[in-house]
Structure formats: C-alpha cells, structure tokens
Amino acid sequence: MSPDAVKDQVLQALMEIAPEADPSGIDPTQPLRDQLDIDSFDYLNFMIGLDRRLGVTIPEADYASVSTLDYLVAYLAKRIPA
Amino acid sequence: MPSLGADMVSGTLVEWRVKAGDAVKRGQIIAEVETDKGAIEVEIFEDGVVDALLVAPGTKVPVGTPLATLRGAAAMPPSPAAPPTAAVPPSGPAGGEVGRGRQVRVSPLARKRAAELGIDPSTLRGTGAGGAVTMADVEAAPVPARAPAPPPPPVEADRSAAMRRAIAAAMSRSKREIPHYYLATDVDVSRLVAWLERRNAAVPVAQRMLPAAPLFKAVALGLKEVPELNGTFLDGAFHPSAAVHLGVAISLRQGGLVAPAIHDADKLGLDELMNALRDLIGRVRGGSIRSSELADPTVTVTNLGDQGVREVFGVIFPPQVAIVGLGRITQRPWVAEGRIEARPVVSATLSADHRVSDGHRGGRFLSAFERLLQEPEKL
C-alpha cells in the first residue's frame with residue numbers, strides 16, 4: 001500500500017473519532033492528539049480503527065513514536081501485511 | 001418531561017420513537033428531548049402499551065408535564081409482537097441498518113447539518129464508529145427535493161449557550177449553597193501501571209484497558225467505605241445512597257460537558273467498567289445520552305489527566321455531596337524505603353460538602369483509594 005493510501009486510511013480512521021476535524025488543517029509534523037484534542041478514549045478507538053482497517057496492531061509502547069501523522073504513516077507503511 | 005438534573009426546568013420534545021398502540025418494555029427508549037445538556041434519549045420505566053402521546057414534537061414543556069399515557073402490562077397483547085419498526089433493507093450494509101425513524105448514533109455536527117438539509121439521519125448508512133452517522137455521510141446523502149418542515153432544532157450556538165448557562169447555574173448554586181472543603185493526596189501507581197502494561201500487551205487492541213477504569217473502580221469502592229460522600233443533600237438533609245452511581249464528567253468536542261452516571265460502578269468488573277466507559281463516552285460525544293444516566297448520579301469523578309493537568313479541585317454538582325478529581329499520571333520523584341526513585345504518580349483530590357462530612361472522613365476516603373490501587377488485580 002502506498003504512503004498516500006495509508007495516509008488516506010489514517011485520515012478516515014481519524015474522522016471516525018473526530019468528525020468535525022478538517023484533515024487539510026492537520027500539520028503532519030505536529031502531535032495529532034494535541035492538534036485534534038483527542039483524549040485517551042478517543043485515541044484507543046483510533047488505534048482500534050487502524051487495526052481494523054490496516055491489520056496493524058500498534059503496541060502501547062510505540063505510541064510515543066507515532067505521535068505525528070508523518071511518523072504514524074511511516075510506521076504503518078512498514079508493517080501493513082502484504 | 002423527566003427531570004434530568006436538579007437544574008433542569010423544562011425540555012423540548014424532539015421526536016417520538018413510539019406511537020399509540022405500541023407495546024413498550026422497561027428501559028426502552030421512547031422519545032428524544034432537547035435540554036440544556038443536549039439531546040437526551042428518554043427511557044420508559046414500566047412495561048405497557050402506549051395509550052396516547054400528549055406532547056407534539058417541537059413543544060417545550062416544564063419538567064413534570066406528562067408526555068404520554070401508558071396502559072399497564074395487563075393491557076399488553078397476549079403475545080406481543082416485536083415493537084414496530086420502520087422498513088429496513090433485507091441485508092444491512094456494513095454501516096448498519098437504515099430506515100426512517102430508526103434509532104441511530106449521529107454526531108452533533110452531523111445532526112445539525114442533516115437538519116439544515118432536511119435529511120432524516122436515520123435513513124442514512126453510518127460509516128462512523130459503531131455505525132454512527134458522520135458529517136461525511138450527511139454531506140454525501142442526496143438532499144430531498146423538497147425538505148420537510150420539522151420543528152426547528154436548536155442551532156449549535158444556542159445549544160452551547162444553553163449548556164453554558166446550565167453549567168453556570170449549577171456551579172453558582174453549588175458555590176452559594178455548599179460549604180466545600182478540599183483535600184488532595186499523591187498516589188504511587190507503579191503497581192497499577194505495570195499491571196496494565198502486562199495486561200494490555202497480552203490482549204487484542206480492542207480489549208485494552210485505560211487507567212481510568214481501575215482508577216474509577218477504586219473511587220467507587222472507596223466510597224463504599226465512606227458513605228457520607230455518596231448520596232444527595234435535599235430538603236435540608238443528607239440522603240445516603242446504597243448504590244454507587246458514578247457520574248463521569250465528559251467534555252464534549254463542541255464545548256461544554258455533561259456528567260452521566262455509570263450505574264453500580266462498584267459492582268462492575270474492570271472489563272465491564274472499561275466497556276461501560278467506552279460506550280458512555282462514545283454515545284455522549286455522538287449526541288446520545290439516556291435519561292436514566294443523567295437523572296441519578298450519586299457522586300461525580302472528573303479526570304483531567306489527558307489534558308496534562310496535575311490536579312483538579314472540582315465543584316460539587318448539586319444535590320450531590322462530593323466530587324473526586326484525578327490528574328495526569330506522571331513520573332515523579334518518590335521516596336520509598338529511604339531511597340528516591342522515579343515512579344508513576346497520580347494526584348487525587350476530593351471536594352466534599354461540609355454539611356455532611358468533614359476532612360477526617362474525606363481523608364479516610366483518599367486513604368482507601370490509595371490502598372485499593374496497590375492491588376489492581378483485586379479491583
């Protein structure tokens with residue numbers, strides 16, 4: 001899956017938990033949770049959505065390394081099952 | 001019109017989910033009303049048959065006004081059919097069933113946009129979490145050639161302003177009438193954090209547990225040990241509650257907050273409590289709260305840890321007599337056995353009503369809370 005396709009899936013999963021968010025306004029280099037005011041329950045639902053859409057389970061220990069949109073897309077692109 | 005909090009004086013009936021002649025069962029959602037706290041789903045508390053609907057959609061009535069009459073269970077048909085529902089496709093799409101009048105989760109913004117376009121959200125296929133109808137679903141739906149003329153729903157700005165007024169009224173009353181006292185303590189939660197890490201690493205992502213679940217359970221169990229903090233103060237007297245209906249302060253994405261109850265929180269297992277929290281927060285933010293959840297919290301807990309807050313001293317929500325505040329779990333220097341170590345610590349606070357309890361008893365609660373968290377596997 002191309003990085004753009006992964007990004008599209010990530011944004012769709014984000015819209016499920018923050019439907020009022022404007023994807024074009026997201027700075028891909030800044031922490032997602034801060035930008036969209038996502039709390040831990042919404043973030044868990046986001047992780048569940050990514051797992052369902054892409055088949056990638058992100059361990060809690062890796063949360064810090066996927067904090068931005070750019071980091072998250074790169075992380076997922078490497079791990080999506082062929 | 002049910003009272004959904006001591007500060008509620010009226011509500012607007014938005015829609016009926018039943019019609020005259022329908023058999024209804026206790027707990028069934030029969031109507032939606034608009035209040036200062038947002039849209040609330042009204043449940044029925046008896047089995048029976050709807051005799052007559054007395055209030056038309058769009059009508060604002062005072063609390064206590066009869067909305068409908070109900071014939072008792074004895075009047076129910078001998079073999080009641082399933083409650084009548086609108087036609088739905090024979091095979092539902094991935095987003096769930098669709099059909100006019102169907103109960104559906106709709107985000108507040110999507111509901112507002114649907115109203116503007118004259119679209120009934122229950123006719124849409126929701127692609128959001130749990131089949132919720134999102135803004136994108138509404139925007140993608142064909143606009144009716146001639147929009148129906150439903151009762152005008154409150155615009156978002158009005159709703160936010162009304163909620164702000166309701167919060168201000170309740171908090172002003174609280175500060176005017178309730179002599180608060182405040183206590184705080186720091187709790188070493190290293191055992192809890194380690195236990196959660198082990199547990200969550202061994203389960204699918206959908207079964208992960210957040211710290212809020214064991215923290216709230218410890219609050220509920222601690223309240224059983226200090227019952228002066230769990231109940232209501234009405235008509236000049238304290239009425240303790242045998243049940244712990246834990247009000248959970250939930251911020252809304254469009255601003256404001258509500259504090260619906262998780263019933264019998266002290267009796268729920270941690271997984272059950274986690275699922276109840278996820279369900280409640282999802283429904284509240286999707287614009288769907290049930291009347292029973294707003295009517296009877298016996299205490300409230302507010303958790304601002306996600307906002308990076310170290311500690312929060314809450315304002316008691318009348319007629320309750322206490323509110324527990326939880327901050328962020330952070331690594332802090334901690335002295336243990338004569339050594340200074342970095343440990344995960346959470347600050348817990350208690351705001352309580354001096355008419356009912358004093359600092360000594362409040363301190364007992366915080367002490368119990370701390371003790372309970374040292375054995376998370378037993379919660």
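Modeller: What follows describes the strands of chain B and how they pair. This is a predicted model, in which local features need pLDDT of at least 70 and side-chain atom pairs count only at pLDDT 80 or more, while totals for chains, interfaces and linings use all residues. Residues are numbered from 1 along each chain as its sequence is written, and chains are lettered from A and ligands numbered from 1 in the order in which they are written.

Strands (E, at least two residues) are DSSP runs, numbered from the N terminus, and two strands pair if DSSP finds at least two bridges between them. In general, strands of a sheet pair through backbone hydrogen bonds, either parallel or antiparallel.

Consider strand S3 of chain B, residues 29-35. Of its 7 residues, 6 are buried; a residue is buried if 20 or more other C-beta atoms, placed from the backbone, lie within 10 Å of its own. Strand S1 (residues 10-16) of chain B runs antiparallel to S3(B), joined by 4 bridges, and Trp16(B) has Ala31(B) as its bridge partner there.

An open sheet of 3 strands in chain B has the order S2-S5-S7, with antiparallel pairing. Strand S2 (23-24) and strand S7 (68-71) of chain B stand at its edges with a single partner strand each, so one side of each is left without a neighbour in the sheet. S2(B) meets strand S5 (residues 48-53) of chain B over 2 bridges, and Val24(B) has Gly48(B) as its bridge partner in S5(B).

How values were computed:
Buried ≥ 20, exposed ≤ 12 C-beta atoms within 10 Å, placed from the backbone.
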